[in-house]
Amino acid sequence: ARAQALAPDEASVLDTLATVLLRREKPAEALAAIGQARALAPDDWTLALTEARILMRAGRKDEARMALKAVKEHSGALPEHVRTELAHVAQEWQAKR
């Protein structure tokens, strides 16, 4: 929360906050934080993956599937670390189905 107060318009800070909130089993708050991050950096596919993961945990499977599909459509142009993260999120998706 302190980092967000110091850098409220920093997408990476909001992404980290969303991840922490998800780990604390607060998916609604995590979705709000990642939504703010996505608004600041709509073309950041790492944020899109975080959003998909949160949507899965929140039980919003259709939205999670759509978010994953959007990222997969751009997978050829994504950096290696994002493609690796995409593979992890896709595995989580398969396990939760």
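**Close-up 1. Helices α4 and α5 pack at about 160 degrees, with their axes 8 Å apart.** The model shown is predicted. Helix α5 covers residues 61-73. An angle over 145 degrees counts as roughly antiparallel, and α4 and α5 are therefore roughly antiparallel to each other. Their crossing is left-handed. From α4, the contact takes Trp45, Ala48, Leu49, Ala52, Leu55 and Met56. From α5 come Glu63, Ala64, Ala67, Leu68, Ala70 and Val71. By class, this contact has eleven nonpolar residues, one charged residue and no polar ones.

**Close-up 2. Helices α3 and α4 cross at roughly 160 degrees.** Helix α3 spans residues 27-40. Its axis and that of α4 come within 10 Å. The pair is therefore roughly antiparallel. The crossing of α3 and α4 is left-handed. On the α3 side, the contact residues are Pro27, Ala30, Leu31, Ile34, Ala37 and Arg38. They meet Leu47, Ala48, Thr50, Glu51, Ile54 and Leu55 in α4. Nine residues of this contact are nonpolar, one is polar and two are charged.

**Close-up 3. Helices α2 and α4 cross at roughly 20 degrees.** Their axes come within 11 Å. Angles under 35 degrees count as roughly parallel, so α2 is roughly parallel to α4. This crossing, too, is left-handed. Helix α2 contributes Ala11, Asp15, Ala18, Thr19 and Leu22 to the contact. Helix α4 contributes Leu47, Thr50, Arg53, Ile54 and Arg57. The contact of α2 with α4 divides into five nonpolar, two polar and three charged residues.

**Close-up 4. The largest pocket has a volume of about 170 Å³.** Two elements give two or more residues each to the lining: α2 (11-23) and α4 (45-57). Helix α4 gives the most, with six residues. The lining includes Asp15, Thr19, Leu22 and Arg23. It also includes Thr46, Leu49, Thr50, Arg53, Ile54 and Arg57, along with Glu85. By class, the lining holds five charged, three polar and three nonpolar residues.

Notes. Residues are numbered from 1 along each chain as its sequence is written. This is a predicted model: local features need pLDDT of at least 70, side-chain atom pairs count only at pLDDT 80 or more; totals for chains, interfaces and linings use all residues. Side-chain values use heavy atoms; hydrogens and water are left out. On a 1 Å grid over the protein atoms alone, a cavity is a set of points where a 1.4 Å probe fits but cannot get out, and a pocket is an open set with protein on both sides within 12 Å along at least five of seven lines; lining residues have an atom within 4 Å of a point. Grid points are joined across faces, edges and corners, and a volume is the space filled by probe spheres set on the points. Helices (H or I, at least four residues) and strands (E, at least two) are DSSP runs, numbered from the N terminus. Ala, Val, Leu, Ile, Met, Phe, Trp, Tyr, Cys and Pro count as nonpolar, Asp, Glu, Lys and Arg as charged, and the others, Gly among them, as polar. Axes are lines fitted to C-alpha atoms, for helices over the stretch in contact, and angles run from 0 to 180 degrees between N-to-C directions. Angles under 35 degrees count as roughly parallel, over 145 as roughly antiparallel, 65 to 115 as roughly perpendicular and the rest as oblique. A crossing is left-handed if the near helix is turned anticlockwise from the far one by less than a right angle, and right-handed if clockwise. Contact means heavy atoms within 4.5 Å.
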